[in-house]
Amino acid sequence: MPEKRPAAKPLTNILVKPAGPDCNLACRYCFYLQKEHLFAQSHLHRMSDEILEEMIRQVMTQGGPYLSFGWQGGEPTLVGLDFFRRAVAFQKQYGRDGQTVGNGMQTNGLLINEDWCAFLREYRVLVGLSLDGPQHVHDHYRLTRGGTPSWERVTAAARLMMEQGVDVNALAVVSEYSSRYAREIFEYLVDFGFTFLQFIPCVEPDPNSPDRAAPFSVPGEALGHFLCEIFDVWKEHFRDGVPRISVRWFDSVFATYVGVEIPECTLLPECGTYLVVEHNGDVYSCDFFVDTEWRLGNVLEGSLVDFLNSPRQSAFGRRKAKRPPECETCRWLPHCHGGCPKDRLNDPRDGGSNHFCKAYRMFFEHANADFRRLAKQWLTYNGVLVQPKASFTKSQATRSPQNVGRNDPCPCGSGKKYKHCCLRQGL
C-alpha cells in the first residue's frame with residue numbers, strides 16, 4: 001500500500017512584521033534588533049502596500065473560516081495608523097461572507113493615542129502591551145535609543161487604552177533582574193487593571209561568548225522560583241475556586257492536563273504551526289528563527305499555504321523532537337515536550353538540556369497537584385461564558401456568546417471550538 005501522507009496543515013495563523021526590526025526603543029535584552037543584517041542596507045524597513053495586499057489576499061483566500069493576524073516587530077505602530085486601516089480594508093475586500101478575522105498587536109505603547117484607541121476598539125484588536133512591571137523593573141532594560149526610561153509613557157498608554165475600552169493584555173519579559181520580584185510584578189499588573197498576563201522568559205546567546213547565555217537571561221532555577229511564586233499568588237486571586245486572572249503559561253499547561261488544543265507552541269510536540277512574514281515579504285518558519293536557514297520564500301513569489309506545508313517547514317517542525325536523552329524518561333515530557341528549541345543554547349551550564357528544563361521540573365513538581373484538581377473540576381464543569389475579543393467578521397457581525405454551544409466555533413476568532421478556547425477561562 002502507498003505510504004499515507006500527513007494531512008496538510010491549514011493556514012490559520014500568521015505573524016507579520018510590518019516594520020521589520022525597527023523600533024523606537026532599544027531594550028537591552030531584545031533579540032530582534034539584530035535582524036537588520038538580513039535586509040537591504042536601509043535604515044527604514046516598511047511593508048509596501050503591494051506586499052500587504054498580496055499577503056492578506058492569500059491568507060483570506062487560502063485560509064479557512066477563522067483566521068488570525070498577529071502584528072509584531074520591532075514596533076508595528078511605526079508603520080502608522082493608515083497602514084492598519086488599509087490592512088483591515090484588504091481583509092474585508094478579500095474575505096468571504098461569514099469569515100471571521102482576529103487581529104492582535106504587540107506594542108511598546110509609545111505611539112498609542114486616542115486615534116489609535118478608536119481604531120483598536122472598533123475592530124476589536126487585542127493588544128499585548130509590553131510592560132515588565134513596576135518602574136524599577138520595567139526601566140531596568142526597556143530604554144529608548146537615547147537611554148531614557150520608558151515606563152511613564154508605557155503606563156500612560158495602558159491607562160488610555162483601558163479608559164477607551166481597548167482589549168489590552170500585559171506582556172512581561174522575565175529577565176535575570178525581574179525574576180527576583182515575582183509577587184511584586186504580579187500584584188502591580190493586577191492592581192493596574194490587567195486580567196490577562198503573559199510572562200515571557202528571556203534567554204539569548206551572549207554576543208561576546210555565543211556558547212553561553214547572555215547575562216540578562218534568566219537562569220533556569222531563577223525562572224523556576226519565579227513561576228512557582230507567580231503560581232502561588234495567582235491562586236490567591238481565585239474566586240469560588242475559579243481563576244480570576246488569566247496567565248497564559250498556566251492556561252497552556254492546563255490544556256496539557258485536560259487534553260485540549262494547546263494555545264502556546266512552546267508546549268506542542270512539534271513546531272511549524274504558523275508562518276512569519278517580514279516587511280519585505282520574506283516568509284520564515286518562526287519568529288525566533290528569522291534567518292537564512294529557515295527562509296521559506298517570498299509572498300510575491302509563492303503560496304503561503306504551500307510554504308506552511310513545504311518540506312523545509314516540515315523539517316523545521318520535526319527538529320523539536322530531537323530532544324536530550326533525559327527527556328524521554330522524564331515524567332513531565334507530556335506537559336512540556338522539551339520546551340522551545342530556541343532555548344537549547346548548548347550552554348555548558350545547562351548540561352545539554354533546554355535552558356529552562358530545571359525551571360519546568362521545579363514548576364511541575366510544585367503545581368502538579370493543583371492542576372490535577374483543576375482538571376478534574378473542569379471535566380465536570382458546565383462552563384462560564386466570556387466576552388469575545390480580538391475579532392470581527394466581514395459583515396462586522398459576530399455571534400453573541402449567549403448563543404454559542406460548547407462545540408461551536410469560538411466567537412473570539414481563534415478557529416478553535418468554544419470549549420477548547422474561551423470557555424476554558426471558566427475552568
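A nonpolar core is a set of buried Ala, Val, Leu, Ile, Met, Phe, Trp, Tyr and Cys residues joined through side-chain atoms within 4.5 Å, where buried means under 20% relative accessible area, exposed over 50% and partly exposed in between (1.4 Å probe, protein chains only). Keep that in mind for the first stop. The model on your screen is predicted, so local features need pLDDT of at least 70 and side-chain atom pairs count only at pLDDT 80 or more, while totals for chains, interfaces and linings use all residues. Residues are numbered from 1 along each chain as its sequence is written, and side-chain values use heavy atoms, leaving out hydrogens and water.

**The cores**

Select Met 55, Phe 186, Leu 189, Phe 194, Phe 199, Leu 304 and Phe 363: these have the most contacts inside the largest nonpolar core, which has 112 residues. Now colour helix 12 (residues 357-379), which supplies nine residues, the largest share of this core. Helices here are DSSP runs of H or I with at least four residues, strands are runs of E with at least two, and both are numbered from the N terminus.

Next, centre on Phe 194. Leaving aside residues up to four places away in sequence, Phe 194 touches Leu 129, Leu 131, Ala 158, Met 162, Val 168, Asn 169, Ala 170, Leu 189 and Ile 245; contact means heavy atoms within 4.5 Å. Another core of ten residues lies apart from the largest one, and Cys 271, Val 276, Tyr 284 and Phe 289 are among its members.

**Helix 5**

Show the side chains of Trp 151, Val 154, Thr 155, Ala 157, Ala 158, Leu 160 and Met 161, which are buried in helix 5. Their cover includes helix 3 (114-122), strand 4 (126-130), helix 4 (135-141), strand 5 (168-174) and helix 6 (182-192). After helix 5, stop at Gly 165, where phi is positive, near 80°.

**Strand 1 and its partners**

Move to strand 1 (residues 13-16). Strand 1 runs parallel to strand 2 (residues 66-71), with four bridges joining them; two strands pair if DSSP finds at least two bridges between them. Strand 1 also pairs in the parallel sense with strand 10 (residues 275-277), over three bridges. Click on Val 16: Trp 71 stands opposite it in strand 2, and Val 277 is its bridge partner in strand 10.

**Salt bridges**

A salt bridge puts a side-chain nitrogen of Lys or Arg within 4 Å of a carboxyl oxygen of Asp or Glu, and by this rule there are 14. Start with Arg 46 and Asp 22, whose side chains meet at 2.8 Å, N to O. Both lie in the loop between strand 1 and helix 1 (49-62), so the pair ties together parts that are 24 residues apart in sequence. Arg 46 is partly exposed at 30% relative accessible area, whereas Asp 22 is buried at 5%.

Then select Asp 82 and Arg 85, with closest N and O atoms 2.8 Å apart. Both sit in helix 2 (residues 81-94), three residues apart, about one turn of the helix. Asp 82 is partly exposed at 47%, and Arg 85 is partly exposed at 40%.

Is the Lys 342 end of the next pair buried or exposed? Lys 342 counts as buried at 16% relative accessibility, as does Asp 343 at 4%; their closest N and O atoms are 3.2 Å apart. Finish at Arg 183, Glu 187 and Glu 236, which a network of salt bridges links.
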